[in-house]
Amino acid sequence: DTIMKQILLLSCCTTLAAASAVALFTPTSTFITHHHRSSIIHHNPSSNKHSVALHLMPNEDDKDYISPMRQRPPPKGGDVAYSNDNILRQQRHYNDIRKVGGKECVQDIYARDPNTSGDNTRFWFVGKVARCTGTVSAEAAIARQMNLLEEHATRIRPVELGRSFGILEFWFAPGDTEPLTSQNDMGTRLQKVTKVVDGSDKVPLLEVGLDLSIVTNQGAGFCIVRTADGVVPPHMIV
């Protein structure tokens, strides 16, 4: 009888250990980590066997718990909210406009690094904006897609720009002038963007497009150094 009790006790301990191991490796995002666990040993007289069952008891704090697996609300920004569908749509519009108008209908967009100033102000390349030149101005095309631009800028440069969402300054240069700006060409000057342009919210999205920059060089990105007015500083003129 003593031996039988020891065997039953050992069996219960083994089952408890297995149950604890399952609980230990259960992802923290699942509900089991937000409840108290209690183990109850059941005895079946007919089979003379014992079994262990885990019972979950609600935690007092569970009433305020919000599951991390819940569906996130849609991003703000309306038809230019930073979403995959909106980004891909504007990319298609960019490609279509560029096929017809070439680089003359394109502006290169830069975001000013708020942590720099004077003759060592950094401007980070964010992407390119295209427009139907007969109906939309460069300023209106940029302002219409400003939310996408600013959201993207803070994501590709989280350290330099991430904490400045909403107050970032944007500047533009003629389309496809990255080689010139990287070589400090004096004739390629950045112009400051007006983030709010009258009537820009009425511009049809079909008449503007956006080609957002993708950082592929191990996170280094592309930036240029200019004065606070967007021109090549004297100490960089060769």
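Begin by selecting Y110, F125 and F222, which ring pairs join into a cluster. Rings of Phe, Tyr and Trp (its six-membered ring) pair if their centres lie within 6.5 Å; planes under 30 degrees apart count as stacked, over 60 as edge-to-face and the rest as tilted. The model is predicted: local features need pLDDT of at least 70, side-chain atom pairs count only at pLDDT 80 or more, and totals for chains, interfaces and linings use all residues. Residues are numbered from 1 along each chain as its sequence is written, and side-chain values use heavy atoms, with hydrogens and water left out.

The structure holds four aromatic pairs. Select F123 and W171 next: their pair is edge-to-face, with 5.3 Å centre to centre and 75 degrees between the planes. F123 lies in strand β4 (residues 121–131) and W171 in strand β5 (residues 170–174), 48 residues apart, and the pair thus links distant parts of the chain. Helices (H or I, at least four residues) and strands (E, at least two) are DSSP runs, numbered from the N terminus. F123 counts as buried because its relative accessibility is 0%, and W171 counts as buried at 6%. Buried means under 20% relative accessible area, exposed over 50%, partly exposed in between (1.4 Å probe, protein chains only).

Now select W124 and R157. R157 lies over the face of W124, at 4.0 Å from the ring centre; the criterion is NZ of Lys or CZ of Arg within 6 Å of the ring centre and within 35 degrees of the ring normal.

Move on to helix α4 (residues 146–156). Ten of its eleven residues are buried, so the helix is largely enclosed by the rest of the structure. The elements covering these buried residues include α2 (84–101), β3 (106–112), α3 (138–144) and β7 (208–212). Within α4, select E151, which counts as buried at 17% relative accessibility. E151 touches Y82 and F165, not counting residues up to four places away in sequence; contact means heavy atoms within 4.5 Å.

Finally, display the largest nonpolar core, which has 25 residues; I109, V129, I142, L149, A153 and F170 have the most contacts inside it. A nonpolar core is a set of buried Ala, Val, Leu, Ile, Met, Phe, Trp, Tyr and Cys residues joined through side-chain atoms within 4.5 Å. Its largest share, four residues, comes from α4. A second, separate core of seven residues includes F123, F125, W171 and I224.
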